Every structure is written in structure tokens, then in C-alpha cells.
Amino acid sequence: MIPPEPAPQPPQPPLPALPSHVVTTIEHLPAEAGLAASSRAGVRLRLRKVLSREMLISVALGQVLSLLICGIGLTSKYLSEDFHANTPVFQSFLNYILLFLVYTTTLAVRQGEENLLAILRRRWWKYMMLGLIDLEANYLVVKAYQYTTLTSIQLLDCFVIPVVILLSWFFLLIRYKAVHFIGIVVCILGMGCMVGADVLVGRHQGAGENKLVGDLLVLAGATLYGISNVWEEYIIRTLSRVEFLGMIGLFGAFFSGIQLAIMEHKELLKVPWDWQIGLLYVGFSACMFGLYSFMPIVIKKTSATSVNLSLLTADLYSLFCGLFLFHYKFSGLYLLSFFTILIGLVLYSSTSTYVAQDPRVYKQFRNPSGPVVDLPATAQVEPSVTYTSLGQETEEEPHVRVA
């Protein structure tokens with residue numbers, strides 16, 4: 001038996017039409033919500049990239065160097081002002097002797113091409129120049145305090161930053177992005193803010209008896225500092241940290257010993273020796289030795305430019321200590337200066353620099369232990385420039401040797 005067909009249902013009345021502005025809102029709601037979510041995710045991603053673990057470690061390492069310089073400045077201040085021991089060459093001599101005892105002797109007991117004698121046979125005159133440059137850079141800046149004001153020294157000492165940038169650009173072939181220059185400008189603005197605070201609170205500015213001579217000494221010292229830092233970066237990337245420190249200890253001790261005997265032996269005899277002065281010399285030497293030993297590690301992880309930007313906060317650490325030790329006056333501009341410099345450091349460290357690499361003029365240094373690839377002798381090497389990040393590498397790259 002065939003069941004009867006169901007009765008047809010009456011047609012449903014059409015739904016009332018929505019107003020046009022409601023339809024428009026409904027149509028655009030998912031797109032706008034997706035766009036907002038995407039924008040928030042992009043901001044989080046950029047923030048995570050800027051405040052990465054590697055960047056924060058780089059900034060923290062730079063501040064360790066600044067604290068060591070703060071210790072050097074405090075011990076020097078006590079020696080010169082409280083005990084009238086003006087012996088900058090002797091203080092450098094003590095540091096070079098420590099470097100000699102630790103690192104030069106390490107090179108002396110090594111075998112093969114890394115032995116001290118083998119290094120001296122190949123590169124003795126280069127390290128002799130570097131040791132002299134490093135010694136005189138320290139001496140000129142300390143000497144400038146006798147002629148010019150503290151404000152001039154703080155401002156003109158920033159000259160080391162453009163020197164390092166130019167030398168890194170032409171000799172290390174390092175290339176910078178816009179964010180690096182923005183970070184550098186922010187750091188220098190922070191330094192200017194600190195100098196302005198010094199003037200406002202009337203912090204001791206020094207005699208300034210022959211300001212032109214003092215300013216020229218600071219500029220010369222900053223230039224030599226820049227040369228020394230860039231040369232140091234090249235050596236620790238192409239050779240080794242121990243070789244650099246061992247050679248600096250050897251030639252630095254040699255030249256500072258000669259300079260001490262000629263220029264400072266009378267001042268050394270006037271020092272009223274006691275246990276307090278001895279302790280200050282030990283503290284100075286420990287901070288200086290720590291600075292020299294630790295700086296190559298930070299330079300290799302970051303760069304000479306980044307290290308010199310980090311060192312801008314050293315004067316602020318000395319000032320904060322001086323608030324308690326020497327009863328300096330406080331100004332809110334000091335805190336503003338400190339955080340401005342830190343913001344500039346974060347901006348500079350937020351992205352990697354690059355190396356413009358031409359195998360005919362620049363030896364690849366990033367993986368010195370990797371395999372060597374010989375280019376065919378008949379093939380003509382085209383002048384090309386490639387950009388390679390100085391950040392963390394994910395795979396081995398071979399050396400390139402031009403036949």
C-alpha cells in the first residue's frame with residue numbers, strides 16, 4: 001500500500017530587511033576584529049623581538065663594564081684627592097703587569113703557532129703599536145683633568161663613538177641600519193642631559209686653567225681609544241682574546257715602565273704609603289684587570305660601538321655612588337639621563353649590524369675553525385658585496401680563500 005503524500009507547507013513570509021547601516025556594520029565586523037587581533041599580535045611580536053633575551057644580555061654585559069669603570073674612577077678619585085697620589089702611569093703599569101702575568105705567560109707555555117715567540121715573529125710590530133696606542137689613550141684623558149673642566153671631558157669623550165663607527169665602517173666593513181643611528185643619537189642626548197644636570201647642581205667642574213689644551217688632550221685620547229677598540233674587535237674575531245690580552249700586557253708593561261721611569265718617578269716617591277693607599281691601588285688594579293679581561297668577551301658578543309655606548313652610563317654610576325660618598329647634590333635629570341641612555345642602548349641592540357664582505361679585501365672571521373674552500377685559480381673573482389648578520393649563526397659556513 002502506498003502512503004499518501006504529505007500536504008504541502010504554506011510558504012514562510014520573508015524576513016524583514018535590515019537597515020543598510022546595520023548590514024554594513026555586520027559585514028565589516030569580522031574584518032575589523034581580525035585586523036585588530038593581527039595588529040596586537042604584530043605589536044607583541046615586535047616587542048618580543050626588541051626585548052629579546054640576547055639583547056637584554058648584551059645590555060647587561062655592557063653595564064657590568066660600566067660598573068668596573070665606576071670602581072676605577074672612585075679609587076682614582078680617592079688616591080688623587082684624599083691622598084694626593086697623582087700616578088696615572090703607575091696605575092696603568094700595575095694593570096699591564098697583571099695582564100702580563102696571566103695572559104702573556106699563558107701564551108709562553110702554548111705550543112705551535114699560538115706560542116708567544118711564534119706570534120712575535122709574525123706580528124710583533126702591530127702589537128707594539130697597539131700597546132703604545134692603548135697606553136697613551138689612558139694617559140691623555142687622565143692628563144686632561146689638569147687643564148679643562150669635567151663638563152668638557154664628559155662631552156668631548158663622546159667623540160670616541162663617531163671614531164669607532166667610522167673605523168668599523170671602513171676597516172671592519174660593518175654596516176648599520178637606521179635604528180642603530182637613532183639609538184646612538186638617543187644615547188648622546190642622554191649624555192648631554194647628564195652634563196646639563198651637572199651644570200645646574202653646580203657639581204665640581206675642575207680648574208679649567210688651560211681649557212684648549214685640555215680639550216685637545218680629550219679629543220686625542222678619544223681618538224686613540226676608538227682605534228684601540230676597533231683593533232681589539234678585529235683581533236678577537238680573527239685571532240683570540242688571550243693573544244690580544246697577552247700582547248697588550250707585554251708591550252703595555254714595557255712602554256708604561258719606560259714612561260713611568262721618565263715622567264712619573266718623582267710623583268711616585270712623594271706618595272705617603274700606608275695600608276689605605278695600598279688597598280686603593282689593589283682595588284684600582286682589580287677593577288682595571290677585570291675591565292680588560294671582560295671587555296673582549298662583550299665586544300665579541302656585541303661590537304666595539306655597542307660597548308662604547310654602554311660605557312656612557314659609567315659616569316652616572318660614579319655620580320650615584322658620589323651621592324653617598326662625597327655628598328653630591330641630586331637632580332632628577334640624572335635619572336632621566338640614565339634611562340634615556342638605556343633606551344638608546346635597547347634601540348641600538350634591537351637589531352643586528354651587517355658586514356659588507358668582499359673576499360678580496362676582507363678575510364672572513366666568523367667561523368675561524370671551519371673548513372677552507374679554495375676558489376679555482378682560473379676563475380676571476382667578481383667584486384661583490386654580501387651582507388651577513390653578526391647575530392647568532394645557525395649553520396657552519398666555510399672560509400673563502402682567494403687564489
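This is a predicted model: local features need pLDDT of at least 70, side-chain atom pairs count only at pLDDT 80 or more; totals for chains, interfaces and linings use all residues.
Phe171 is exposed, because its relative accessible area is 57%, where exposed means over 50%, buried under 20% and partly exposed in between, all with a 1.4 Å probe and the protein chains only.

Residues are numbered from 1 along each chain as its sequence is written, and side-chain values use heavy atoms, with hydrogens and water left out.

Phe171 also belongs, together with Leu166, Trp169 and Phe170, to a nonpolar surface patch with about 470 Å² of accessible area in total. Accessible areas come from the Shrake-Rupley method with a 1.4 Å probe, and for residues only the protein chains shown count as cover. Patches are built from residues with over 30% relative accessible area and no salt bridge, joining like charges within 9 Å and nonpolar side chains (Val, Leu, Ile, Met, Phe, Trp, Tyr) within 5 Å; a salt bridge is a side-chain nitrogen of Lys or Arg within 4 Å of a carboxyl oxygen of Asp or Glu. Over the ring of Trp169 sits the charged end of Arg175, 4.1 Å from the ring centre, the criterion being NZ of Lys or CZ of Arg within 6 Å of the centre and within 35 degrees of the ring normal.

Leu173, in the loop between H6 and strand S1 (174–175), is buried at 13% relative accessibility, and its phi is near 60°, a positive value in a residue other than glycine. His84, in the loop between helix H2 (53–82) and H3, has a positive phi as well, near 55°, but His84 counts as exposed at 59% relative accessibility. Most residues other than glycine have a negative phi.

Let me turn to the aromatic rings, for which a search of the whole structure finds 11 pairs. Rings of Phe, Tyr and Trp (its six-membered ring) pair if their centres lie within 6.5 Å, and planes under 30 degrees apart count as stacked, over 60 as edge-to-face and the rest as tilted. Phe90 and Trp273 are edge-to-face, because their centres are 6.4 Å apart and their planes stand at 85°. Since Phe90 lies in helix H3 (residues 88–109) and Trp273 in the loop between helix H9 (241–270) and helix H10 (275–301), this pair ties together parts 183 residues apart in sequence. Phe90 is buried at 12% relative accessibility, whereas Trp273 is partly exposed at 48%.

Phe90 forms another edge-to-face pair with Tyr281, at 5.4 Å centre to centre and 80° between the planes, and as Tyr281 lies in helix H10, that pair joins parts 191 residues apart in sequence. Tyr281 is buried, at 4% relative accessibility. Elsewhere, Tyr317, Phe320, Phe338 and Phe339 make up one aromatic cluster.

Finally, for the whole protein, there are 13 helices and five strands, and buried residues make up 43% of the 403 residues.

Definitions and conventions. Helices (H or I, at least four residues) and strands (E, at least two) are DSSP runs, numbered from the N terminus.
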